[in-house]
Structures are given as C-alpha cells and as structure tokens.
Amino acid sequence: MFVDNRGFFLESWNARTFAAAGIDAAFCSGQSQSLGEGRASRLHYQLQSPQGKLIRVIVGAVYDVVVDIRASSPTFGRWTGTELSAENKLQLWIPPGFAHGFLSLQDGTESLYKCTDFYNLKPSVPYFGTIP
C-alpha cells in the first residue's frame with residue numbers, strides 16, 4: 001500500500017504476488033452490504049462448486065469467521081476469525097472447502113468479494129454445526 005498526504009493506493013489483487021503465496025486463481029467479483037450493527041450471516045459454503053474467496057471491507061467493519069469443513073482435512077472443524085475493516089484494509093483469503101460467515105460491526109458495512117467460481121444458490125448451504 002502506498003500512503004501520502006493525498007490519500008492511499010492499495011493493490012488489492014496482483015496475480016503474480018498471490019501466485020507466489022500459493023493462490024493461483026481467476027476471479028468473478030461481487031459486493032455486499034449489511035444493514036444494522038450486530039447482524040450476522042450464517043456460515044455458508046457450496047457443495048458442488050466450492051468457492052475460494054478473497055474478501056475485504058471497504059465501508060465499516062465485520063468480524064469474519066472461517067471454518068474448515070473438508071472432512072478429510074487434518075484441520076477439519078478448526079476455525080479462525082479476524083476483524084476486517086475499511087480502516088485496517090486487511091483482506092482474508094478463504095480457500096475452497098471452507099465455510100464462511102461474518103458479524104457486522106457497523107451499520108452499512110460493505111464488503112468486496114473475489115470468488116474463484118460462480119455463485120450457485122442451490123448447493124449453497126448454511127452451516128449450523130458447532131464451532132469447536
């Protein structure tokens with residue numbers, strides 16, 4: 001990120017940089033808005049066309065949660081969470097095969113998504129399991 005007295009420039013995606021980190025993906029993109037502080041999205045995933053997601057918040061803040069739901073994975077059931085905000089400008093990579101959800105920390109929060117596969121409503125399933 002480049003910052004000076006005029007503002008900042010953030011390169012949110014660079015194929016070479018991400019490929020060097022093991023993320024070699026082509027993306028479709030989307031944007032979401034959460035109305036109301038304290039609103040939670042359920043953990044979601046796609047069974048037939050698992051999506052990798054690169055997420056960042058451009059307005060407001062969320063507490064973002066990721067759960068490994070790959071049954072054959074040695075980290076199956078493990079989860080992590082982090083705050084993403086317009087202020088901290090962090091991004092979160094969610095590999096295919098992980099469930100994802102968030103809690104909106106501010107009214108009007110907006111997030112940008114880069115997804116490795118197209119959104120498919122039918123196999124998108126809310127995850128109601130227990131987070132260990």
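This report walks through the predicted model above, from its overall make-up to a few residues of interest.

## Ground rules and confidence

This is a predicted model, in which local features need pLDDT of at least 70 and side-chain atom pairs count only at pLDDT 80 or more, while totals for chains, interfaces and linings use all residues. Residues are numbered from 1 along each chain as its sequence is written, and side-chain values use heavy atoms, with hydrogens and water left out.

Confidence is highest in strand 7, at a mean of 96, and lowest in strand 11 (residues 124–127), at 48. Please read residues 123–132 with care: pLDDT stays under 50 there, and the model gives this stretch 26 contacts beyond four places in sequence. Contact here means heavy atoms within 4.5 Å.

## Overall make-up

The protein has one helix and 11 strands. Among contacts between residues at least 6 apart in sequence, 81% join residues at least 24 apart. Of the 132 residues, 33% count as buried. Buried means under 20% relative accessible area, exposed over 50%, and partly exposed in between (1.4 Å probe, protein chains only).

## Strand 10 and its partners

Strand 10 covers residues 109–115. Two strands pair if DSSP finds at least two bridges between them. Strand 3 (residues 28–34) pairs with strand 10 in the antiparallel sense over seven bridges, and Cys 28 has Cys 115 as its bridge partner there. Strand 5 (residues 53–59) also runs antiparallel to strand 10, joined to it by six bridges; here Val 57 is partnered with Ser 111. One face of strand 10 is covered, with Thr 109, Ser 111, Tyr 113 and Cys 115, whereas Glu 110, Leu 112 and Lys 114 make up the uncovered one.

## The nonpolar cores

In soluble globular proteins, nonpolar side chains tend to be buried together. A nonpolar core is a set of buried Ala, Val, Leu, Ile, Met, Phe, Trp, Tyr and Cys residues joined through side-chain atoms within 4.5 Å. The largest one in this model has 11 residues: Ile 55, Val 57, Val 62, Val 66, Leu 84, Leu 92, Ile 94, Phe 98, Phe 102, Tyr 113 and Cys 115. At least two of its residues come from each of strand 5, strand 6 (61–68), strand 8, strand 9 (98–104) and strand 10. Apart from this core lies another, of five residues, including Leu 43, Tyr 45, Val 67 and Ala 99.

Val 57, found in strand 5, is buried at a relative accessible area of 3%. Beyond its neighbours within four places in sequence, Val 57 is in contact with Val 62, Leu 84, Ser 85, Ala 86, Thr 109, Glu 110 and Ser 111. Leu 92, on the same terms, is in contact with Lys 53, Leu 54, Ile 55, Asp 64, Val 66, Thr 82 and Leu 84.

A salt bridge is a side-chain nitrogen of Lys or Arg within 4 Å of a carboxyl oxygen of Asp or Glu, and the count comes to one. It joins the side chains of Arg 70 and Asp 68, at 2.9 Å from N to O. Asp 68 is found in strand 6. Not counting residues up to four places away in sequence, Asp 68 touches Ser 73, Thr 75, Phe 76, Gly 77, Arg 78, Gly 97 and Phe 98.

Ala 71 sits in the loop between strand 6 and strand 7. Its C-alpha lies 9.3 Å from that of Gly 97, 26 residues apart in sequence.

Which residue has a positive phi although it is not a glycine? Lys 89 does, at about 55°. Most residues other than glycine have a negative phi. Lys 89 lies in the loop between strand 7 (79–85) and strand 8 (91–94).

The accessibility of these residues is as follows.

| Residue | Relative accessibility | Class |
|---|---|---|
| Asp 68 | 2% | buried |
| Arg 70 | 33% | partly exposed |
| Ala 71 | 70% | exposed |
| Lys 89 | 23% | partly exposed |

Technical notes:
Helix = DSSP H or I, 4+ residues; strand = E, 2+ residues; numbered from the N terminus. pLDDT = per-residue confidence, 0-100.
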